[in-house]
2 protein chains.
Amino acid sequence: MSKYKISLAVIKRLPKYHRCLGELKSRGVRRISSGELSKIIGFSASQIRQDLSRFGEFGQQGYGYRVNALYSEVEKILGLDKKYSTIIIGAGNIGQAIAKYNDFGNYGYELKAIFDIKKDLIGKDINGFKVMDSNNLREFIQKEDIDIAYICTNAENAIDVFNELSEAGIKGILNFARVDLQNDDNVVIENVHLVENMFKLSYFLKNKN
Amino acid sequence: MSKYKISLAVIKRLPKYHRCLGELKSRGVRRISSGELSKIIGFSASQIRQDLSRFGEFGQQGYGYRVNALYSEVEKILGLDKKYSTIIIGAGNIGQAIAKYNDFGNYGYELKAIFDIKKDLIGKDINGFKVMDSNNLREFIQKEDIDIAYICTNAENAIDVFNELSEAGIKGILNFARVDLQNDDNVVIENVHLVENMFKLSYFLKNKN
């Protein structure tokens, strides 16, 4: 249960607070005003004061926010004080990239296995993991108590994979397949559509000037 | 110059319209009502009517929207009727994944080269591209008239790379480094922070129930 009632808009800003506060912390900055933070993070100072007031008392008028305490609180709110075990479904290009992407591991999302249905991929070594047969998916999730799955299959297979993961009791899914999967009662889903970031970019390119 | 004045909120929804209309089109659906589209896309019917009315007249009361015409218009608005030439800076895991990620190529973002500064990566073959020396970056961009660069370096190097790209006259950047790059007068930037999708997921996992 959450201590706070936080809107979706604030939740979307939290990772940015986390990143900026982490940078300030690593530079040894101990206090920062909402005005200074605004210049770095790009949100208005009043937005920042409003957002951060929801998490507790980390600032004092005229003295600014305590960077370390605020960083720890944002970490906690984001659930980064906990470790998660993860698996990858789909050992193609995206799956392989995720397996090699250190940032996830650095934040406590520990990769446990990679699965695929294709005979020519099963057994292949990817960054120290031997690709496992998707037929063993459900058993593995339950035995190893896996929290999160990355779906890295094509759009056609993603829905079947989702159903199987959900039945096996997975808690969260980061979906890279180009189809929107919807939360059900058991599973939390975050859809990541890389190519749509590119669409936004080309929209702005086309409409510049 | 744009025919339309479209808000950032609508622009963010456009890729989703593009994806859903593309699926409908490939299934041979010729007309769809705002109510039916709402069930597929997850926005309210009135939101859809409001959004789509900005792009022109694609619907007729009681007959629904013409799927093909609307899809083509959304494509045009997103700038997908044009081809873009792209390069990757940073031949590490993310750079290699982007090089192998077919979706970008399928939508007209054509990869022309991959660059790195590391001696042991220069000359390496990645998906048919020999990694080039970053010292030749500026010359290549200008000679080949490159539109878009993917920054796939670490956060420390990303800012130098950005400055060099901007001076060389690049038009757009899709930034995967874990630092927010800001638009300047010449370059349009889209920051992609993969790990922050995961943060959102773990927030929801932690605060479920």
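# Two chains and their contacts

A:Ser34 touches A:Ala45, A:Ile48, A:Arg49 and A:Tyr65, leaving aside residues up to four places away in sequence; contact here means heavy atoms within 4.5 Å. Welcome to a predicted model, in which local features need pLDDT of at least 70, side-chain atom pairs count only at pLDDT 80 or more, and totals for chains, interfaces and linings use all residues. Residues are numbered from 1 along each chain as its sequence is written, chains are lettered from A and ligands numbered from 1 in the order in which they are written, and side-chain values use heavy atoms, with hydrogens and water left out.

**Chain A as a whole**

- Chain A has nine helices and 11 strands; helices (H or I, at least four residues) and strands (E, at least two) are DSSP runs, numbered from the N terminus.
- The C-alpha trace of chain A spans about 65 × 50 × 35 Å along its principal axes.
- Of the 209 residues in chain A, 53% are buried. Buried means under 20% relative accessible area, exposed means over 50%, and partly exposed lies in between (1.4 Å probe, protein chains only).
- Among contacts in chain A between residues at least 6 apart in sequence, 56% join residues at least 24 apart.

- A:Ser34 counts as buried because its relative accessibility is 11%.
- A:Asn127 has a positive phi, near 55°, in a residue other than glycine. You will find A:Asn127 in the loop between β6 (125-126) and β7 (129-130) of chain A, and its 46% relative accessibility is why it counts as partly exposed.
- A:Asp145 is not a glycine, yet its phi is positive at about 50°. The loop between α7 (137-144) and β9 (148-151) of chain A holds A:Asp145.

**The interface of chain B and chain A**

- On the chain B side, 63 residues are in contact with 62 residues of chain A.
- The two chains bury about 5900 Å² between them, with 64% of it on carbon and sulfur atoms. Buried area is the accessible area (1.4 Å probe) that two parts lose on being put together, summed over both.
- In chain B, the residues that lose the most area to chain A are B:Arg19, B:Met198 and B:Tyr203, together 12% of what that side buries.
- The rule finds 25 residue pairs in polar contact across this interface, both residues at pLDDT 80 or more. A polar contact is a pair of N or O atoms within 3.5 Å; within protein, one must be able to donate a hydrogen and the other to accept it, and residues adjacent in sequence count only if both atoms are side-chain atoms.
- Helix α9 (residues 194-206) of chain B gives the most to the side of chain B that touches chain A, with 13 residues.
- By class, that side of chain B has 34 nonpolar, 12 polar and 17 charged residues. Ala, Val, Leu, Ile, Met, Phe, Trp, Tyr, Cys and Pro count as nonpolar, Asp, Glu, Lys and Arg as charged, and the others, Gly among them, as polar.

**Salt bridges between the chains**

- Over all chains the structure holds 26 salt bridges, and the rule finds 10 across the interface of chain B and chain A. A salt bridge is a side-chain nitrogen of Lys or Arg within 4 Å of a carboxyl oxygen of Asp or Glu.
- A:Asp180 and B:Lys16 meet through their side chains in a salt bridge (3.0 Å, N to O).
- A:Asp81 forms a salt bridge with B:Lys206, with the closest N and O atoms 3.2 Å apart. This pair crosses from A:Asp81, in the loop between α4 and β4 (84-89) of chain A, to B:Lys206 in helix α9 of chain B.
- A:Asp81 counts as partly exposed at 49% relative accessibility, and so does B:Lys206 at 34%.

**Salt bridges within a chain**

- The side chains of A:Lys76 and A:Glu73 form a salt bridge (3.9 Å, N to O). Both lie in helix α4 (residues 67-77) of chain A, three residues apart, about one turn of the helix.
- A:Lys76 is partly exposed, with a relative accessible area of 41%, whereas A:Glu73 counts as buried at 10% relative accessibility.
- In chain B, B:Glu110 forms a salt bridge with B:Lys112, the closest N and O atoms lying 3.7 Å apart.
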